Amino acid sequence: MTTIRLTMAQALLRFLDQQYISLDGEETKFVEGVFGIFGHGNVTGMGEALERSAGSLTFIQGKNEQGMVHTAAAFAKQRNRKQIYACTTSIGPGALNMVTAAATATVNRIPVLLLPGDNFASRQPDPVLQQLEVSSDYTLSATDSFKAVSRYWDRIVRPEQLITAALQAMRVLTDPAETGAVTLALPQDVQAEAYDYPESFFAKRVHYVDRREPAADAVARAAERIAASKHPLIVAGGGVLYSSATSELQAFAEAFGIPVTETQAGKSAFDWRHPLYAGAIGVTGALAANQWAKQADLVIGVGTRYSDFTTASKSAYANPDVQFININLNGADAAKLGGEAVIADARTGLQALQSALQAANYKSSYTNAELAQRKAAWDAEVDRLYKEEHEDGFSQTRALGVINETIDSSSVVVGAAGSLPGDLHRLWRSTEPKTYHMEYGFSCMGYEVSGAFGAALAEPQREVYAMVGDGSYLMLHSELVTSLQEQRKFTILLFDNHGFQCIHNLQREHGSDGFGNEFRYREASTGRYTGQPLPIDFAAHARSLGASAYKATNAEELREALLQAKQEERTTLIEISVLPGTNSGGYESWWHVGVPAVSESDKVLKAHEAMQTKLSKAKQL
């Protein structure tokens, strides 16, 4: 057996550089490169290996460990999970800063490879700088924290262990049903240890992703249930986009006259102009979609994980006889809501069901008139919100209308947290697939700027826009600097409403007077944050980092700023001043949040009673 003597870190990079993925006969190099921030726990191991690497992996210097993992996840999401970045950090705080982003990737079923440094396997020196000493179990380190948020976790305490660990890592990263964050903890001494690796370990390896066909019996059972329904409804999730099944979804809906709704992850899978498009579903859903959901006697979920927002905390599908057909590669998701599981790729599942239903001459009972009526009513509501004017200032929905009408239809909008995801899900009009990039599985504040950078890395031919509130921007915006360093432009649309206004709204909806969520000075007379709003100049801050920046306080200024930003060649920020509370409201939906059963406030007690009433009507499955 021919061997090559390398350090463990060198061997890992050489292995990663030879991994490929194949789907539908198209072969793609799987690992694009490595994001890294160096410290004592990885600079002389992974760092030296990257410096001397003769491979084709691109190294990108991150500025915040959480931010760079968000960027890597967004890149993989925008590339339909066919390419990834790995992320390397030192031990201790450097590693732990990645945990939030690891969870975000895992919840959203996005592949990222995390390579945190770890304690010395030899335990000499002991304790090393940043080592987490657990006196009851000396095998524990900071990287054990990744176990809860990783799909696969391993610690390489001997260099030869890399061989099996790397293969297992690739198995999970390339599995569309089980993918998520994969963590290989790398003790800093082991990174630099040498081993005679078999040459075959570094041969080109192609990971074939075969489209899973549904079982014939499962298709027959599902088709029988659908054929017996009169008012079915389609819920399109992220799996439709990941499997490139948008054409199949449209063909299926048209064949049987079934309205289509979209989750946050599934939005842009269906052209909003199509007569069968019913809009967003659930808590942040459109009126038409939520009305159809209440009427539906059968729900066909395609590639959705059925979050509480999608189901309106299990209250959206109010028909007492409603049944569920769930097409999903992930068995756990396919079994949700007591549904009939069709475990399959979204494309093959839809095709098989369409053939079975056409053979049965099935057609839904909807009339074109009622479909058109509800769609027209909702389209008119969006038009109204897009044109809404307020005497006191610029409304958030008006700003979104200007943006939607001004930027190219091929542009990618990226979001994650605050009130913007609700407005975007309800109101944004997508005509092309993969133009709506929302991280709402975790709704992680701080994803937006990093995510937009990742989307821009993945699709440099498109304009990319980060849709972010001031609270989320303040939490994490450091990869803006990395985008300047890499000369990969995107545009940040920063909605400044002076605080965490989404949660402020939620408080007041449930009896609170509003507490601790606005960016105000502490007032001496109250001892609380009830003073004047903090005067933050976000445009000046962006310019200080090297970005271009504009400000907009009305529709005309915003439209002009968008046109100028498009001409910029570097990352640009537009600071948009919007009135708090001018986001859209709920449309016949409900979200279950815990409301106190005991309070000095009558408003809170009434909100608790209302919650109990809603809860009694929600489904238990």
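Author: What follows takes several labels in turn and sets each against its definition.

Author: This is a predicted model, in which local features need pLDDT of at least 70 and side-chain atom pairs count only at pLDDT 80 or more, while totals for chains, interfaces and linings use all residues. Residues are numbered from 1 along each chain as its sequence is written, and side-chain values use heavy atoms, with hydrogens and water left out.

Reader: Why is helix α5 described as largely enclosed by the rest of the structure?

Author: Buried means under 20% relative accessible area, exposed means over 50%, and partly exposed lies in between, with a 1.4 Å probe and protein chains only. Helices are DSSP runs of H or I with at least four residues, strands are runs of E with at least two, and both are numbered from the N terminus. Eight of the nine residues of α5 (residues 99-107) are buried, and therefore the helix counts as largely enclosed. The buried residues include Val99, Ala101, Thr104 and Val107.

Reader: Against what do the buried residues of α5 pack?

Author: They pack against α3, α4 (93-96), β7 (112-118), β9 (181-187) and α17 (447-458), where contact means heavy atoms within 4.5 Å. Just after α5, Arg109 takes a positive phi of about 60 degrees.

Reader: What makes His70 a buried residue, and with which residues is His70 in contact?

Author: His70, found in helix α3 (residues 65-78), has a relative accessible area of 1% and is therefore called buried. Leaving aside neighbours within four places in sequence, His70 is in contact with Ala101, Thr104, Cys444, Gly446, Tyr447, Ser450, Gly451 and Leu476. His70 and Val112, 42 residues apart in sequence, are 9.2 Å apart in space, C-alpha to C-alpha.

Reader: Why are Arg384 and Glu381 called a salt bridge?

Author: A salt bridge is a side-chain nitrogen of Lys or Arg within 4 Å of a carboxyl oxygen of Asp or Glu. The closest N and O atoms of Arg384 and Glu381 are 2.9 Å apart, and the pair forms a salt bridge. Both residues lie in helix α14 (residues 368-387), three residues apart, about one turn of the helix. An α-helix has 3.6 residues a turn, so residues three or four places apart point the same way. Arg384 is partly exposed, with a relative accessible area of 42%, whereas Glu381 is buried at 17%.

Reader: What makes Asp408 and Lys566 a link between distant parts of the chain?

Author: Asp408 and Lys566 form a salt bridge with their closest N and O atoms 2.7 Å apart. The two residues are 158 residues apart, Asp408 being in the loop between α15 (396-406) and β18 (412-415) and Lys566 in helix α22 (residues 555-567). Asp408 counts as partly exposed at 32% relative accessibility, and Lys566 is partly exposed at 34%.

Reader: How many salt bridges are found, and which residues are linked in a network?

Author: A search of the whole structure finds 30 salt bridges. Asp24, Arg211, Glu248, Asp345 and Arg347 are linked in a network of them.

Reader: What makes strands β16 and β17 a pair?

Author: Two strands pair if DSSP finds at least two bridges between them. Strand β16 (residues 323-328) and β17 pair in the parallel sense over four bridges, and Ile327 stands opposite Val342 in β17.
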